[in-house]
Amino acid sequence: MRLEGRSYDVLIGPGVRHELAGVVHALGARRAAVVSARPAEWVPDAGVETLLLPAMDGEPDKTLATVQALCGEFARFGLTRSDVVVSCGGGTTTDVVGLAAALYHRGVPVVHLPTSLLAQVDAGVGGKTGVNLDEGKNLVGTYWQPSAVLCDTDYLSTLPERELRNGLGEIARCHFIGAPDLRGLSLAEQITASLTLKASVVSADERDTGLRHILNYGHTLGHALEIATDFALRHGEAVAIGTVFAGQLAYALGRIDRARAEEHREVVEYYGLPSALPEGVGADVLIVLMRHDKKAVDGLSFALDGPEGAELVPNVPPEVVAVELAAMPRARMAELVRDTAAP
């Protein structure tokens, strides 16, 4: 990740978690607070005096209260600005721990060990931190770049099938924001290609003022679906549905042709991901939630495909959104979250 004065390495592969002690040593830290959602045997040695804290990988604990509790533990441990915080877990853990590190002493170094596929291809890299409010997802946060990210693919061997598929939702959306066709590649190759794309985008627009909006492809509806279903839909599943909708909406607005719109569904379904809206979730509810999306400056905004590729499209007429939501197929929740085999 090439950022002026704050560049860092992202290591991908089996066993790279054991590079942690070397990273901590290079930072000059004498203490480490390691916040882990994984069993102790999966937490590598940091090489310094360590406080190991449990984390919960799940949206219900992605709150300011959790951040406050972590900062209190850091203070009682005597963590200083010259020490380091380490996250070891999924995207919820990297988001919450990253925010705690950014706020404690106005910023201490953080190293991420993302252990889910979703976190490895997205949440663990790029410097965004955040927690949820009742009014919306990721509405409170900041930018705090890690000192290093260690994407150990050995962690993926411990994941249930649905959790793997959750990460594939982020990989699928890469197809429409500048990545080559990743279908048929090994999982490690797909992770690397996804992160290479993200690194190029973040390096050009760290603070989400323009180009970085394309990384939210499928996320406007996706975040709304997570909240509307009380997180019964996982993030990657919801983003997959949002990606299909983004193709449909772009076609309705005359930005792409029907074949390209249908390609959205084909790619999502290739990965064994859901492509229909859940029954019982009304368009009016989803539109209200989408208005609270953190990218929505004025009206409804979506990252959409078009003649020049993906870009943020503001002020999409709500009546068009409502019509296209009504045109989406519907399915029972049990069908959407079934353990379909992924390729």
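Student: Which residues of α8 meet His219, Leu221, Gly222, His223, Leu225 and Glu226 in α7?
Tutor: Quick note: the model is predicted, so to speak a computed one, with local features needing pLDDT of at least 70, side-chain atom pairs pLDDT 80 or more, and totals for chains, interfaces and linings using all residues. Residues are numbered from 1 along each chain as its sequence is written, and side-chain values use heavy atoms, without hydrogens and water. Here meeting is contact (heavy atoms within 4.5 Å), and helices are DSSP runs (H or I, at least four residues; strands are E, at least two), numbered from the N terminus. On the α8 side, the residues are His235, Ala238, Val239, Ile241, Gly242 and Phe245.

Student: How are α7 and α8 oriented to each other?
Tutor: Helix α7 covers residues 219–228 and helix α8 covers 235–252, with axes that come within 7 Å and cross at roughly 135°. Axes are lines fitted to C-alpha atoms, for helices over the stretch in contact, and angles run from 0 to 180 degrees between N-to-C directions. Under 35 degrees counts as roughly parallel, over 145 as roughly antiparallel, 65 to 115 as roughly perpendicular, and the rest as oblique. Therefore α7 and α8 are oblique.

Student: And how are α8 and α9 oriented to each other?
Tutor: Helix α9 spans residues 258–270, and the α8 and α9 axes come within 8 Å, crossing at roughly 175°. Therefore α8 and α9 are roughly antiparallel.

Student: Which residues of α9 make that contact with α8?
Tutor: From α8, the contact takes in Ala240, Thr243, Val244, Gly247, Gln248 and Tyr251. Their partners in α9 are Arg258, Ala261, His264, Arg265 and Val268.

Student: Which residues of α10 touch α7?
Tutor: Helix α10 is made of residues 283–291, and α7 packs against α10 at an angle of about 115°, with the axes 9 Å apart. On the α7 side you'll find Thr220, Leu221, Ala224, Leu225, Ile227 and Ala228. On the α10 side, the contact is made by Val285, Leu286, Leu289 and Met290.

Student: Which residue in β3 stands opposite Ser36?
Tutor: Strand β2 (residues 31–36) runs parallel to β3, and 6 bridges join them. Opposite Ser36 stands Pro54.

Student: How many residues lie between β6 and β7 in their hairpin?
Tutor: Strand β6 (residues 131–133) pairs with β7 (residues 136–140) in the antiparallel sense, over 2 bridges. Leu133 stands opposite Gly136 in β7. The number of residues between β6 and β7 is 2.

Technical notes: Pairing = 2+ DSSP bridges.
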